Amino acid sequence: MQETVSDARPGPEPAQGRSGAQARWQAAARTALPFLVVGVLWEITAHLGQFPPRLFPPLEDVAAALVRLTVAGILPRHAAETLLRLLVGFGLAAIVGVGLGIVMGRSRLAEDVLLPLVSIGAPIPGAAYAPLFLLWFGLGNISAVLLVGFVATFPIIFNTWTGVKAVKEIWVRSAQAMGADQSRLFRLVILPGALPYILAGLRLGLAQAWRILVVVELLAAVPWGLGWLIFGAREFLNTDVMLAAIVVIGAIGLVLENLVFRRLEQSTVVRWGMMVA
Amino acid sequence: MSLQRTMSPQRLRSIVRGTLALLLAAAAYEAIARSGIFPKALLPALPKVAGTLLDMLADGSMLRHAFYTLARMLAGFALAVVIGLPLGILMGRVRAVEGFFLPLVSALMPIPSLAWVPVFILWFGLGDTVAVLVVCYAALFPMVLNAWSGVRSVNQLWLRAAGAMGADETALFWKVMLPGAAPFIIAGLRQAFQRSWIAVVGAEMITSSDWGLGWVIYDAKEFLNADVMLASLAVIGAIGFLFERLVFGSLERATVLRWGMVWATKG
């Protein structure tokens, strides 16, 4: 980048000269600026009175709703139920998906049999299955968890399958030549070799599960859950509650993506030098 | 390539086995459906599903549902491309734009588009606007992020060479930058399409429109019409598959594959 080169020279030099703290402070300020601008615009729009405040609440109302619901313990309970559903569904998907993916990657027969079935199921959006699952398993938690798991399974299968097939032939051969038996070959060569792909698949699966869970909670009419909170608040025109719940949903998504998976990647594939951080 | 030719008998066996597996799965489903363990309304036999599908295709209602869904999806998708592509390119080219929008994009991206549906319903009322906006929200982020990384990953040598040969800014943009970023942009279009396809089906269920594939499925639940649900699922899957293979596949063949870009960027 031409402009990066010319930009970088005059900018950070004085800041670097003093200390890293100031540079970090500047970076934080630069990140905060766009949020400040959007927040101020939102406030101006809300206070102009163009829209009814019930529908377009000022930010202090949203913050108040967030604090009120958190203190009352309502918001944490909704979030906990949603997370529990996500984790159970995703756990099921991880076990089934990684298992099937590995079998498909190792056995030609399993690949030939399963691949067409998986390829047909995968492109249909998860939400479209929702009414069918409700019909079969009834309203409530079972449908929600199964649907979330079902949706998350496909990317995990595909990535695991690709990963197992992408393990270098020469690693397998040399391990065999050095006398590794089937179980050690699997545990020490194939599983670590396929891990970057498996992790990518788990990440994709979790993201899909998270995206579908909100609407599943509405359709399955579960008593607690962030999705249900949003849709329930609509009935009473509580836009501040809806926005507060959306903030929590965004925050959880950000944490899952950045903290959990980046940590997991750091401690495995990046540390083994299989991937650049 | 020679590898593929020698694998040909093995490939044939794969196809035979795959077909057998599909037939077997269909037969197993049929056997369970006919055994009467589960009520017929919940688990209809395959000929009934096929019959429903043909009926709905023949009286034109399925086509109309598909048309409405596609129209909503394409409107939102087009909106997302019109906003997201220039924004992503600008973010890749101008530091200030990147600094301003990147934090916003990263904060809004993890919020599922369907979570906005109730808020949008309050703001814009029930109906098509909500579905289009939700689709746009879903498709926007993959578009922006891919265009942004695409522009940044254009080979520096190409830019310098074009500059040295006297290309001005516009020529540089149209002849080097845009084709150079094309693999990423096409990947972004693909991802954006998948996301908007999911979003439109979900949004239709919640916004209760009169027509639309998502609505048919949801509505069929009320009347226990599992055959209608399965028929609509088949249509949804077929449309998604067609778009993925025909539209994006041919787009890729006409541009980046023909230019040898997909290999050039890796090499």
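## A helix pair in chain A

In this predicted model, helix α7 (residues 126-137) of chain A and helix α10 (residues 182-219) of chain A have axes that come within 10 Å and cross at roughly 40°. An angle under 35 degrees would count as roughly parallel, and 65 to 115 as roughly perpendicular; α7(A) is therefore oblique to α10(A). The crossing of α7(A) and α10(A) is right-handed.

On the α7(A) side, the contact is made by A:G126, A:A127, A:A130 and A:L134. On the α10(A) side, the residues are A:Q208, A:I212, A:V215, A:V216 and A:L219. By class, the contact of α7(A) with α10(A) has seven nonpolar residues, two polar and no charged.

## The interface between chains A and B

Between the two chains, 45 residues of chain B are in contact with 46 residues of chain A. Helices of chain B that each supply at least two residues of the side touching chain A are α2 (8-35), α5 (95-108), α6 (117-124), α9 (169-207), α10 (213-222) and α11 (226-257). The largest share of that side, eight residues, comes from α11(B).

The side of chain B that touches chain A consists of 33 nonpolar, seven polar and five charged residues.

## Domains of chain B

Chain B has two domains, domain 1 (1-37) and domain 2 (39-266). Their C-alpha centres lie 31 Å apart.

Contact between these domains of chain B involves six residues of domain 1 and four residues of domain 2. The side of domain 1 of chain B that touches domain 2 of chain B has four nonpolar, no polar and two charged residues.

Key:
Residues numbered from 1 in each chain as written. Chains lettered and ligands numbered in written order. Predicted model: local features only at pLDDT ≥ 70, side-chain atom pairs only at ≥ 80, totals over all residues. Domains from an automatic or database assignment. Contact = placed C-beta atoms within 7 Å. Nonpolar A, V, L, I, M, F, W, Y, C, P; charged D, E, K, R; others polar. Helix = DSSP H or I, 4+ residues; strand = E, 2+ residues; numbered from the N terminus. Axes fitted to C-alpha atoms, helices over the stretch in contact; angles between N-to-C directions. Parallel < 35°, antiparallel > 145°, perpendicular 65-115°, else oblique. Left-handed = near helix turned anticlockwise from the far one by under 90°.
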